[in-house]
Amino acid sequence: MKEKEFIIKRLTEINNQVKGINIRYEYSEAEDAHLIEITPLSEYNSNELYINLERQLMFDFNEMFFPATILFLTEDSLIKINQAQLELSSQGFKQSEVEPFKSSRSNFSFNWSSTGLFDVEHAGDDNNYALAA
């Protein structure tokens, strides 16, 4: 089973078991990174069933596909999904490799250069505050 197929299958299983969460998935081929956004933040942080399923997904993924990377995001993460290839919610799902998901949130772009650091460009309002990780 390929990485994307594995992740989509497991995310669908998580969505079927954990009600009240929304899942968005995007794969970045250039960085070999699988981005998974879980909302709302309250479920991501406190739903024990979800936390256990995420932990098992991470373990299984690393066992099967290392050194590929999987990152879990929330609505307050600096990294955003720009072109969701899968969207799951309690209302159903949408899977698309062609049509990108359009977000009304601020746009961030990251340059994952070989320096080990990444540059952030923010397209938003004039309030620029330093953030600590």
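**View 1. Two prolines with cis peptide bonds.** Proline 67 has its place in the loop between helix 3 and strand 3. The model you're looking at is predicted. In that model, the bond joining phenylalanine 66 to proline 67 is a cis peptide bond, with omega at about 20°. Now find proline 40, in the loop between strand 2 and helix 2. Here, too, there's a cis peptide bond: threonine 39 is joined to proline 40 with omega at about 0°. For background, most peptide bonds are trans.

**View 2. Helix 3 from end to end.** Helix 3 covers residues 48-65, and its end C-alpha atoms are 25 Å apart. Why does that agree with expectation? At 1.5 Å a residue, its 18 residues should span 26 Å. Look at the start of the helix and you'll spot asparagine 47, which has a side-chain oxygen within 3.1 Å of the backbone nitrogen of leucine 49. The helix also has a buried set: Tyr50, Ile51, Leu53, Glu54, Leu57, Asp60, Phe61 and Phe65. What do these buried residues pack against? They pack against helix 1 (3-17), strand 2 (33-39), helix 2 (41-46) and strand 3 (69-73).

**View 3. Helix 1 and its buried residues.** Helix 1 is 15 residues long, and from its first C-alpha to its last it reaches 21 Å, close to the 21 Å expected at 1.5 Å a residue. Its buried residues are Phe6, Ile7, Ile8, Arg10, Leu11, Ile14 and Asn15.

View 4. How many salt bridges does a search of the whole structure find? There are four. One of them pairs glutamate 13 with lysine 9, with the closest N and O atoms 2.9 Å apart. These two residues sit four residues apart in helix 1, which means about one helical turn separates them. Another salt bridge brings together the side chains of aspartate 60 and arginine 10, at 2.8 Å from N to O. This pair links distant parts of the chain, since aspartate 60 is in helix 3 and arginine 10 is in helix 1, 50 residues apart. Aspartate 60 is buried because its relative accessible area is 19%, under the 20% cut-off. Arginine 10 counts as buried too, at 15%.

**View 5. A salt bridge between two strands.** Glutamate 37 and arginine 24 form a salt bridge, their closest N and O atoms being 3.2 Å apart. Glutamate 37 is in strand 2 and arginine 24 in strand 1 (residues 22-28), so the pair ties together parts that are 13 residues apart in sequence. Both glutamate 37 and arginine 24 are buried. Elsewhere, salt bridges with shared partners join Lys9, Arg10, Glu13 and Asp60 into one network.

**View 6. Aromatic rings side by side.** The structure holds four aromatic pairs. In one of them, the ring centres of phenylalanine 6 and phenylalanine 61 are 6.3 Å apart and the planes are at 35°, so the pair is tilted. Phenylalanine 6 belongs to helix 1 and phenylalanine 61 to helix 3, so this pair ties together parts 55 residues apart in sequence. Both of these phenylalanines are buried. Tyrosine 44 and tyrosine 50 make another tilted pair, 6.0 Å centre to centre with 40° between the planes. Tyrosine 50 is buried, at 1% relative accessibility. Phe6, Phe61 and Phe65 form one aromatic cluster.

**View 7. The nonpolar cores.** Which residues touch the most other members of the largest nonpolar core? Among its 23 residues, they are Leu11, Ile14 and Ile36. Helix 1, strand 1, strand 2, helix 3, strand 3 and strand 4 (86-89) each supply at least two residues of this core. Helix 3 gives the largest share, six residues. Zoom in on leucine 11: setting aside neighbours within four places in sequence, its contacts are Ile23, Tyr25, Ile36, Leu57, Leu86 and Leu88. There's also a second, separate core of five residues, including Leu35, Leu73, Ile79 and Ala84. In soluble globular proteins, nonpolar side chains tend to be buried together.

How values were computed: Residues are numbered from 1 along each chain as its sequence is written. This is a predicted model: local features need pLDDT of at least 70, side-chain atom pairs count only at pLDDT 80 or more; totals for chains, interfaces and linings use all residues. Side-chain values use heavy atoms; hydrogens and water are left out. The expected span of a helix is 1.5 Å times one less than its number of residues. Buried means under 20% relative accessible area, exposed over 50%, partly exposed in between (1.4 Å probe, protein chains only). Contact means heavy atoms within 4.5 Å. A polar contact is a pair of N or O atoms within 3.5 Å; within protein, one must be able to donate a hydrogen and the other to accept it, and residues adjacent in sequence count only if both atoms are side-chain atoms. Rings of Phe, Tyr and Trp (its six-membered ring) pair if their centres lie within 6.5 Å; planes under 30 degrees apart count as stacked, over 60 as edge-to-face and the rest as tilted. A nonpolar core is a set of buried Ala, Val, Leu, Ile, Met, Phe, Trp, Tyr and Cys residues joined through side-chain atoms within 4.5 Å.
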